[in-house]
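Reader: I am new to this and would like to learn how to read it. Could you walk me through the features one by one?

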Amino acid sequence: MKTENQKAWFFVLPVLLLVAFNALIPMMTVVNYSVQETFGNNLFFWQGLDWFEQILRSERFHAALGRQFLFTFLILIIEIPLGIIIALSMPRKGFWVPVCLVTMALPMLIPYNVVGAMWNIFALPDIGLMGYFLNHVLGINYDMTQDPVAAWVTIITMDVWHWTSLVVLLAYAGLVSIPDAYYQAAKIDGASNWSVFRFIQLPKMKNVLTIAILLRFMDSFNIYTEPFVLTGGGPGNSTTLLSIDLVKIALGQFDLGPAAAMSLIYFAITLLVSWLFYTLMTKDDLN
Amino acid sequence: MALELNEITKVVGGQTHIKPTSLTLHSGHFNVLLGETGAGKTSLIKMMAGLDPIASGQVVMDGEDITALSTQKRNISLVHQFFVNYPHMTVFDNIASPLRVAGMAKSEIQGRVEEAADIMQLRPMLNRRPHELSGGQQQRTALARAIAKESKAVFLDEPLANLDYKLREELREQLPELFAGRGAVVVYATSEPEEALLLGGETALMQDGRVTQFGPTAGIYRDPANLSAAQVFSDPPINQARIVKEGTTAKMGSIHWHLSGAAADMADGDYIVAIRPNHILPYKTDTAFVPITGRVGVTELSGSESSAHFHFADESWVSLAHGVHPYTVGEEHKFFMDPSACLYFTPDGTRIKEERA
């Protein structure tokens with residue numbers, strides 16, 4: 001028979017209080033806004049679920065959500081394999097290990113808005129190093145301020161540059177925890193490099209990769225600062241991701257009700273997809 | 001099937017770890033590498049397996065030079081002293097892994113894995129993962145993988161070292177029959193002389209990165225080529241002392257005995273005598289009759305055998321005899337040495353061969 005010990009609640013109380021203050025209470029404010037209409041002066045009118053319905057039916061929201069999923073999908077499909085490949089090609093011992101690790105960690109140390117500004121200047125077609133090089137040396141017509149494809153390529157490249165290191169470091173941590181004996185055993189089995197990767201390295205990296213995918217999903221799905229600084233959501237609405245659109249509605253149009261409803265939907269999607277990922281990735285371990 | 005090593009060496013950072021080594025290892029019996037920790041047993045195995053680079057020399061398997069061949073292509077098996085199984089795979093998948101890599105048909109894999117599992121008594125564990133097994137079962141899994149693969153050479157690097165005593169005895173008894181008739185060259189590294197004797201076959205004695213002697217195990221035990229070979233192949237450690245030879249008499253402290261054969265023919269002077277503990281007995285027999293009296297320091301009783309450590313002529317001696325013998329620690333006891341079991345060496349350790357009748 002399971003014994004229940006109510007004392008456990010006492011021990012999780014500090015964490016519950018902390019979560020309440022930094023998540024639940026602020027979120028309740030958003031919930032409050034999402035079901036009411038306000039014109040200022042602290043006057044509120046009950047609106048029910050109208051804002052939710054409006055957002056869920058809005059084509060503008062669908063478009064932003066589509067862009068957001070596309071962005072996150074591209075980020076994951078590029079950064080996860082790339083991070084694994086870089087981790088696999090990094091040395092496991094010797095002088096170059098710290099050099100590689102520090103080099104890898106550098107992009108992550110730069111603040112988000114600085115990254116956005118850096119890439120903005122870097123990519124400008126007339127004065128930016130990359131923009132100028134592409135246009136005037138290679139003769140490629142590249143202008144992220146005019147061309148949606150160029151804008152997308154730039155924000156994706158920027159995020160890959162900024163965050164692939166996280167995947168690399170996590171994957172590398174998984175790789176170095178594999179004892180030499182497994183590699184030897186695999187060699188003796190006659191395993192090819194691919195088999196070693198498939199049957200030894202990948203299973204050993206599975207746990208850290210689950211974390212990497214989750215973190216990269218949540219971060220890229222909630223990304224705001226870098227693309228906002230880089231493209232401002234343009235040209236047109238081509239790079240207006242969900243968060244940028246949300247800020248436009250909340251602070252640009254000051255439609256607090258719809259913005260609050262959108263925040264909650266946004267939050268629910270992030271939570272749902274994260275939960276799905278996590279459940280799928282850890283399914284085997286639970287059995 | 002034969003595995004030949006021709007003058008192979010291993011050099012790490014300018015230091016020679018394995019000095020030029022030549023051996024011809026045959027299938028059909030166990031080939032034991034016997035030496036203390038750090039003697040180079042594991043290095044030699046890794047060189048044969050292609051896991052460690054060879055600085056010079058050749059490895060020849062069945063007439064084919066495989067020196068430059070990668071480990072993957074050598075068709076070998078290796079079982080370590082620590083248990084190496086893939087943690088995320090079941091026992092079945094672990095045993096099957098080399099067969100899958102080789103692209104074998106599913107039905108054949110099934111057959112071979114089940115056969116190996118039956119031999120190693122792993123049938124009920126096939127669906128478990130390594131962490132759900134005991135140490136003995138984990139090592140059985142590793143051995144089953146080696147059996148199922150049916151490779152040309154099987155390297156067992158102290159495979160029983162991390163098992164408890166009972167399991168070790170049990171598996172050691174099984175090992176020779178497991179690999180009998182499989183046609184593989186079996187190389188077994190151990191630091192325990194007793195294991196080498198129990199496994200039989202041929203033994204290569206290793207010391208400081210070189211093979212000091214190689215041949216049938218029992219022969220090497222009886223007839224060590226030099227003092228270090230005698231030291232390596234003795235547990236408890238072999239007794240040794242300085243003697244002075246005069247005519248046909250060997251003098252050691254207050255005692256002396258008659259020399260015959262090659263020992264009698266050597267020039268007068270200083271020599272070293274070595275004698276195994278089981279040839280110094282606490283009672284007189286027809287062969288063990290040279291009396292040594294010494295003060296007993298430590299005694300050990302291990303079931304059917306008793307050993308006594310005693311002091312005589314500035315040396316520490318060990319006697320090992322069957323049966324239970326009542327020694328009193330701190331008191332003088334009389335022991336008897338068998339002069340026909342004495343091994344004689346020059347001061348630099350070279351054996352003076354005693355011709356046996």
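**Where the chains meet**

Author: Gladly, and let us begin with the interface: 15 residues of chain B are in contact with 13 residues of chain A. On chain B, strand E6 (76-79) and helix H2 (91-101) each supply at least two residues of the side that touches chain A. Please keep in mind that this is a predicted model.

Reader: Which classes of residue make up the side of chain B that touches chain A?

Author: That side has 9 nonpolar and 6 polar residues, and no charged residues.

Reader: What does the UniProt record say about chain A?

Author: The unreviewed UniProt entry annotates "transmembrane region" at residues 9-35, 69-88, 95-112, 118-138, 150-173 and 260-281 of chain A. An annotation can be set beside the model, so let us take two of these spans. Residues 9-35 of chain A are 96% helix and 0% strand, and their end C-alpha atoms lie 32 Å apart. For residues 150-173 of chain A, the figures are 100% helix and 0% strand, with the end C-alpha atoms 35 Å apart.

Reader: Why does Ile200(A) count as buried?

Author: Burial is read by counting neighbours. A residue is called buried if 20 or more other C-beta atoms lie within 10 Å of its own. Ile200(A) has 22 C-beta neighbours inside 10 Å, so Ile200(A) counts as buried. This residue is found in helix H9 of chain A, residues 193-221.

Reader: Which residues does Ile200(A) touch, leaving out those up to four places away in sequence?

Author: Ile200(A) touches Ile178(A), Tyr182(A), Ala186(A) and, from the other chain, Tyr86(B). Take Ala186(A) as an example: Ala186(A) and Ile200(A) are 14 residues apart in sequence, and their C-alpha atoms are 8.2 Å apart in space.

Reader: Now for chain B. In what order do the strands of the 6-strand sheet lie?

Author: With a sheet, read across the strands and then check their directions. This open sheet of chain B has the order E6-E7-E8-E3-E9-E10, and its pairing is mixed. E6 and strand E10 (210-216) of chain B stand at the edges with a single partner strand each, so one side of each has no neighbour in the sheet. From one strand to the next, the twist averages 15 degrees.

Reader: What packs on that sheet?

Author: Helix H4 of chain B, residues 135-149, packs there and touches E6 and E7 of chain B. The direction of H4 makes about 170 degrees with that of E6(B).

Reader: How do strands E7 and E8 of chain B pair?

Author: Strand E7 (residues 153-157) and strand E8 (residues 185-190) of chain B pair in the parallel sense, over 5 bridges. One pair to find on screen is Val154(B) with its bridge partner Val186(B) in E8(B).

Reader: How many residues lie between the strands of the hairpin formed by E4(B) and E5(B)?

Author: There are 2 residues between them, and Asp62(B) in the turn has a positive phi of about 55 degrees. E4(B) and strand E5 (residues 64-65) of chain B are joined in the antiparallel sense over 2 bridges, where Val60(B) has Asp65(B) as its bridge partner.

Methods:
Residues numbered from 1 in each chain as written. Chains lettered and ligands numbered in written order. Predicted model: local features only at pLDDT ≥ 70, side-chain atom pairs only at ≥ 80, totals over all residues. Contact = placed C-beta atoms within 7 Å. Helix = DSSP H or I, 4+ residues; strand = E, 2+ residues; numbered from the N terminus. Nonpolar A, V, L, I, M, F, W, Y, C, P; charged D, E, K, R; others polar. UniProt positions renumbered as here; feature names shortened; annotations may be inferred. Pairing = 2+ DSSP bridges. Axes fitted to C-alpha atoms, helices over the stretch in contact; angles between N-to-C directions. Buried ≥ 20, exposed ≤ 12 C-beta atoms within 10 Å, placed from the backbone.
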